[in-house]
Every structure is written in structure tokens, then in C-alpha cells.
Amino acid sequence: MTAGMRVAARGWGTYRTITAAVREAEPGAVVSIQAGTYTECVVLDRDVTLVAEKGASSVRVVGVRGPALAVHGAGGTVRGLVLEGSGGEPAVSVTAGSVLIVDCEITGGGVQVSGTATPVIRDCELHHTGQIGLYLAGDSRSVVESTTIADVDAVGILVDHGAAPSLNRVTVTRTGGHGIRVTGSARGTFDNCAVTHTGVTAVAVDGSARPLLRGCHISDSAAGGVLVTGTAGSEVVNGTVAEQTADEGPSAGGEFGVSLRGCEIARTAQDGVHVTGRAVTSFVGCRVSDIKAAGIVAGESSRMRLEDTTTTDTAGSGLAARGEARVDVRAGGFARSGANGVYVSDAAELTLVGCAVTDATYTAVHAGGTSRVTLRDSQVRGTPEHGLHITGDALMTLTGVEIGDAALCGISVDGGDLAARNCIISKVATGVRLSTDHRPLIDDCDITSCTGVGLDIAAAGIVTDTRISDTGATGVFIRESAAAWLTDCSITDTKGTGLVVQADAAPRVRGVAIARTAKNGLYVAASGAGRFENCDIGATGYPAVYVGSEAAPLLRGCFFHDMDEDLKMEEDAAATVESCRSQDVKVPTLPEDATAVSVPWGAVAGAPGPGGPAPGVPATAAGAGQTASDSAESLTEVLDELHGLVGLEGVKTDVSTMVKVMQMVRQRTEAGLAAPPLSRHLVFAGNSGTGKTTVARLYGRILAAVGLLSRGHLVEADRGSLVGEYVGHTAPKTTAIFRRALGGVLFIDEAYALTPGGQSADYGKEAISTLVKLMEDYRDDVVVIVAGYPDEMEGFVDANPGLASRFTRTLVFDDYDGEELSQIVEWNARQHEYELPEDTLVALLDYFASLVRDDRFGNGRTARQTFQRMTERHAQRVVDLIAPTTEDLVTLLPEDLPPVK
């Protein structure tokens, strides 16, 4: 038999039916079919090529009581035929073999592939196939390329059982059901496919299926875009869902669950993506847009990873996480949502890293229930409500987050808990509002450009190393009965009072600087209280401190300066003032020796001007007969405070040596002798958190105590406060902050930022030149300390000859070792009435020894944060005890240590 064979329905020809020709054909034979309609069921079980003689669509094969084409083994090729099913049967059935079906039209029934078949379907058109267009089942491994499936009553492509097809450039459109459904334990890849105009969700994955979609376009669904349910994407072993590890995720180059890469989901009538059950999914480089409901929803116990994926223009929330879902989002963002940008409820867990949540119709990020939400290095902007809203028992952890353009609060905590570090809140109505029985933490944050209050504390809160500035009303507002702690913060440029304390509130405020307030620096309302230690209040519009009727605050070690009046009190106020002093105050009401004694105040409102005691205060308490040196701060006290610091032995030795030189300089000057050379300006070189700012503040007080500075106060600056934004702006800006430091210390942190490498036109050089001239003009009235990392500070001093000649002494601040960090934690524990048993101290040493000391290591700040996290974990452990003892409430155990990161 020759390789060439012909089939014709009438006229000349060897065979009248295709079946007859195939039956007689040898492997490799080509059967050429004349144009016409052939009503028969063609069975292909050998390597034979069937081709339409007159080209595509000229031959129609109509199946009767079975498929038009049935392939049961071997290879073979079918080219250019119209294959039509009837009676509800598939038009094509492939149970084995690797047939190639190319350039064919399939109608009246779909294509069914089962068993271990490996067919290739290329450049075909499937339409009007009945319930299913393409059904891939068994353990088949089909390849489908450049094919269109349209006008299907139910499912366009159904992948079931253990099938693992490869589909490329396949279009599915106009289906009554799903465009693509993958179920059972099926796998498969879908590359550059399009699924449009479906009657229900476009792509559905269930069972334990685990497909991969790359570069696919899913749009115009009458329901959702992608639905993943059951245990899809999970690894199921003996009926149990196995946990996938982080290194299986898309960032590591692997696939994670049901995976979509570079896909676009648009114009759906319901959720763009909806994942429930115990399904596991990942989306990398995907875009979800123009959705009539939520963009992405994760529910029940599902797991989801999003990387470089965005949702835009959604009628519902951009992202919603519910139930016990866990969602991890890296890069990408959520924009222009018709509800919340991100909504998290129930016990869901969400992590956002490097994301942007912008232009939400409701609150940008909402956390409720018992959810846990973590945001790092992200932006939240543009909402008529809150930037971040925490309710119920939710916990939100923020690190390096920028929040802005919120019409209400930047962050609002209503019942949940918050830990915010290194965040910026700006251009909002209220910066942060805390109303919760928990104890939220705000650490090293900037709250600025608020039209209303900067920080509103209604119940409790801990605020450390935070800067509140440029507020349209009060800087920090502590409401009735609130219990807030503020440490090492600054409150500046407020159009209202700097810090307000209402009735029955008793905050602890330490090391807070308040300056340039339109009203009082500190206002303690009637029946208010609190402890205010080592605070610096200056340049206030009203008296620095106002104490209302029956208010009983403690003011200890505070410094008031540059205002009309330092302290104003109602007659029945009961404030206690210890070791406070004032300077450059037009109407001082502090007694002259208030720096040395504890003075209970009773009637300061009518206090006279300088020279006379307040009514009812004995003359000795008012400073009668005292000299100027007697009223100055004791050098011994300041040195004791310096030597009481943990670690810093080299710095303590250097400062003690300089003090002796300063004392000798003063003695020689008073004796009329020439003074020896004295290096007043210093370089502080050390890593973050090694105590540079603390020592600078003490150094100013030391210089004041030995009479080399008139005030000894500290003014902090950095590149942003010295360098202008345009030509001619830098010199006045630098001069203004320098003048504020006259009589004290100008401390420039990260000074090397004034000399950025490779930027010849940078305005930092102008700031340095201005500083050098001012240091010469006011060489006896100010001390300048520049600080930063050791390597960078060497380059900074060498950048300008004037700097090198003025900064001739460098104090090196070594990193704290594990024992010193433990001592800092112990000190914090004593301050806050906690106890550390011996086993906790041992565990603490081991903990600090295991920490990675990279660029992010914070030294003393790390120790303080460790203590804070220990108290948080202690609270979580103790709060569930039915009747905790006093020992339970004060004892920190080894298990309270946070995990090592």
C-alpha cells in the first residue's frame, strides 16, 4: 500500500469513507479527503495523517452514536477538518496516544482527553460545543496552542483528576459557566491565555488542583475573576494539608500554591480574586482593575502571597482578609478603592511590605476583630476618613510607614493595639488618636502638618523618641483619666498648647522638649496630675506651664526659657516643683533656688517679679542672700549623672579630663593668667543608639556648671533643619537655628549628610561655610557637637579646612556589649516597677549575644525596645490569669523575651 491515499464521498476515489481508509493505512500514510460531509465515527489508532484536500473547513465529519473522531493510541495528525459531534457526545475523544490536531474546527460537542493521552491541539476553533468545550482528565498531558473556545453552554475548559496540560495563547470567550475550571488533583500551565465574557467566575480552581497561569488576561466576567477554594494549591499528604515553607514562595523563584504570574484581571461584576477554604495562592506581577466588588478577597483558612501586584478602581475594598486567612503582600499596592483600601477582620493575619495604599473611599487600612496586621516600609495616602483604623482586639505593627492626606486621623486606635516605629504621619486632621485599654507604642515617629491635634491620647499610650510639630491645635492632648508615658520627645510649632493634661490624667513625661507654641507649653487642667521630669520648655506664647485648680503635677529638673512668664497657677493648685530653673523670662515666678529644693506651690498666680518672694513662701526658699553660682546646677550632680550612665567608659574618662581642664581655665582666667588652649567643639563618633545625644545634653550642662556657657541647653539639628531648598535659603536657616543655641550646645546629628558625595552643587556646603563663620563670631557663646557614624565623620571633618581646625577632638562611642544592654533593660525595669529574676537575666544575656549587629542594630534603643516588647508579651501572658498575684504582675520571665529576628 502506498503512503498516499484518497477518500471521496462520490465519484472516483479508492475509499468512500475515512474509516475504511484508516483501516487499510499503514503507519506514516497520508489520507487526503475530498471536500464534503462524512457522517461516520473515525477511529484513529495508528500514525496516519488525515488532511482536507481543498483546505481547512472543506471536509466535515459528523459523528453518529459517538465522537466524530476517536483516538485510541499511537500518533497521527488531523489537519483542516470540521469535526462535529451529535447527541450530546464529544466531537473528539482522545484516550491514548499523541495525536496532533491542527487547524480544525470542532463543534456540536467538545474535545475530551483522558487516560494517559498526550495530544497536541493547535490553531483550532472550538465553538457551540454544548456543556464543555475542552475536557482534560485522567493523567493526560495535553498541549493546546493558539486555539479559540467560544459559545459554550457551561465550562470552556475543564481540567480534572490528575491531568497536567500545557496551554499557550488559548482564548476562551462567551461561556455560560466558568471559562476555565481546574479541579481534582490536576496541575497544568496556562501561558498568555485569555478568558472573557463568562457567565460565572472566569477561572475557578478547587479540589487540590495546582495550576500555574502566566501572562493571562481575564476580563468581562458576569461574576468574579478568579475563584480558588477547597485545598487548591496545598500539598496534601495522606489527606493532610502540608505547610509550605517560605523558600517555596515566588520571591525565591519557586511556585507557591495556585500561582498567577503577570496576569491581568479586569472588569468583573464580582470580586476580582476570591480565595477561601484552605487554598494556597500566589500572585506575582499581576494587575486587578475595574472591579465591581472587592479587588482581592482571602477568607476562611486560606493563604495568599502577593508580590508586585496591584488592584485599582474597585467598587469594594482593594484587599479584604477574613476568617483565619494569612496574606503576605510584597511591593505593589491598592489604589482608588470604592470602600477600604485594605480591610482585615476576624482572626486574619496580613503583612504588607513596600506597598502603597492610596485614594480609598473609606479608611485606607482597617483592622478589626482579633486580626494581626503588619506594615513595613509602606505608604498610606489619600482618604476622607482615617489612614489606619484599629478596632476590636486587632493588633497593628508599623515600621517605616508614611501616612498622609487623611481627612480624619492618620492613625486611629479604637479598642485594638498598636506598635508604630520609624513612621511619618503628615497632612492629616489628627495625627494619632489612641482610645484603647491596651498600651499602644509610638517610637521614633514624626507627626507633623496636622490641621488639628498631633497626638490625642484618650486612655493609654507609650510615646518615645517621637517628634510632634506644626499642628493646627494642641500638640499632645491627654484626655481625662488617661495614663500616658512620653519619653525623649519634642513638641514644636503648635498653634495651640504644646501638651494638655485633662482632669484625673496622670501622665509620666520625661526628657520632652516643647518649643514655639502659640499658647502654653504645658497646660494641666483642673484636677490634673502627672510627673514632668527634665523637660525643656521655651519660646511659648502663653506661660510655659499653667496649673489649674486642684491640679497636682510634679515638675522636676525642668528648664523654662525665652518667654514672658514661666509658671502660672491657680490659688488652690498643688503642684510640686523640684530642681527647675528658668532663664530669659520676663516675669519669672520660680523661686531663685528652685534648682536646689523641692517647692510646693500654692499661690503663684500673684507672684511678683524678680527680687520678691511669692506670697506665703519663706524668704530663704525664695532665694534671699543667694549668689548666682549658688543657683547654678551643681557640677557634681551632673558628673554623677554622667557616670551613672551604662557603659561609655572611654567617653566618661574623656569628659572628666576635659572638665579638669575647664576648671583650670576658669581659675587661670580669674587669676588674670592666659588660658591654655581648649577644644570646646567636639566630634561624637558612634553607631546608632550609643548615647551621643544624652551625653551632648549633659556636656552642655557641665559647661554651664563650670561657667563656660551661660545656659547649657541643647538644640538639636540635622541636614533638614540647616539646609534650604533654594539658593539663598540655607544661610538664614542655618543662622536661625545657630542663634537658638547661643549660650548652649548645637548638636548636629548625622552631620556627614551635609557633605553628600558626588554632589558638587549641594547646599550643604553653604551650611558648613555659614557654621564655620558663626562658630568664629560666637566662639565664646556656643559649643557645636557634630555626630554620626565613625567612618562617615572622618570624611566630614576633612571636607572643609575650617571644620578640621575647629573640631580637633573626637569622642568615640563604642557599641554596648550584651552585659551593658542587659543593664539598660534592668534600669528600665526598675523605673517601671518590674522585676527580673536571675534566670531572666541569664536569658537576657543570651538574647543580646544572639542578635545580629548589622546597620539596623540600635544599641541602647534596641535595649529599650526589648524591654517594651517584654512588657507586651508579659501582659499577654498575665492578662488571662484569673487572679494574678503581685508577683505575677511585676515579674518578667525568660519566655517574655521576644523572638530573635
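**Entry 1**

I began with Ser527, which lies in the loop between β64 (522-524) and β65 (531-533); strands here are DSSP runs of E with at least two residues, helices are runs of H or I with at least four, and both are numbered from the N terminus. I note at once that this is a predicted model, in which local features need pLDDT of at least 70 and side-chain atom pairs count only at pLDDT 80 or more, while totals for chains, interfaces and linings use all residues. Residues are numbered from 1 along each chain as its sequence is written, and side-chain values use heavy atoms, with hydrogens and water left out.

I looked up the backbone of Ser527 and found a phi near 70 degrees, which is a positive value in a residue other than glycine. Its relative accessible area is 32%, so Ser527 counts as partly exposed (buried means under 20% relative accessible area, exposed over 50%, and partly exposed in between, with a 1.4 Å probe and protein chains only).

I then turned to Lys427, which is not a glycine either but has a positive phi of about 55 degrees. Lys427 belongs to strand β52 (residues 424-435), and its relative accessibility of 55% is why I list it as exposed.

**Entry 1: the chain as a whole**

I counted 15 helices and 78 strands in the protein chain. Of its 901 residues, 54% count as buried. For contacts (heavy atoms within 4.5 Å) between residues at least 6 apart in sequence, I find that 43% join residues at least 24 apart.

**Entry 2: nonpolar cores**

I next looked at the nonpolar cores, each a set of buried Ala, Val, Leu, Ile, Met, Phe, Trp, Tyr and Cys residues joined through side-chain atoms within 4.5 Å. The largest has 158 residues, and those that touch the most other members are Leu50, Leu81, Leu134, Met396, Leu398, Leu418 and Leu499. I followed Leu499 and, setting aside residues up to four places away in sequence, found it touching Val476, Ile478, Ile491, Val509, Ile514, Gly521, Leu522, Tyr523 and Phe532.

I checked Thr471 in strand β57 (residues 467-471), which is buried because its relative accessibility is 1%. Not counting residues up to four places away in sequence, Thr471 touches Cys450, Gly452, Gly454, Asp493, Thr494 and Lys495.

Leu306 has its place in strand β37 (residues 303-307) and, at 1% relative accessibility, is also buried. I note that Leu306 and Thr281 are 25 residues apart in sequence but 8.6 Å apart in space, C-alpha to C-alpha. The residues touched by Leu306, again leaving out those up to four places away in sequence, are Phe283, Ile296, Asp328, Val329, Arg330 and Phe334.

Asp780 sits in the loop between α9 (764-777) and β77 (783-788), and I list it as exposed because its relative accessible area is 55%. Beyond its neighbours within four places in sequence, Asp780 is in contact with Arg680 and Leu708, and its C-alpha is 7.8 Å from that of Leu709, a residue 71 places apart from it in sequence.

**Entry 3: helix pairs**

How do helix α8 (residues 730-740) and α9 pack? I find an angle of about 40 degrees, with the axes 9 Å apart; axes are lines fitted to C-alpha atoms, for helices over the stretch in contact, and angles run from 0 to 180 degrees between N-to-C directions. The two are therefore oblique to each other (angles under 35 degrees count as roughly parallel, over 145 as roughly antiparallel, 65 to 115 as roughly perpendicular, and the rest as oblique). α8 passes α9 in a right-handed crossing, where right-handed means that the near helix is turned clockwise from the far one by less than a right angle, and left-handed anticlockwise. On the α8 side I note Thr730, Ala731, Thr734, Thr735 and Phe738, which meet Glu766, Ala767, Thr770, Leu771, Leu774 and Met775 in α9. By class, the residues of this contact are six nonpolar, four polar and one charged (Ala, Val, Leu, Ile, Met, Phe, Trp, Tyr, Cys and Pro count as nonpolar, Asp, Glu, Lys and Arg as charged, and the others, Gly among them, as polar).

Helix α12 (residues 818-831) and helix α13 (residues 838-850) pack at about 130 degrees, with their axes 9 Å apart, and are therefore oblique to each other. I find a right-handed crossing of α12 past α13. Gly818, Glu819, Leu821, Ser822, Val825 and Glu826 in α12 meet Leu841, Leu844, Leu845 and Phe848 in α13, and this contact has six nonpolar, two polar and two charged residues.
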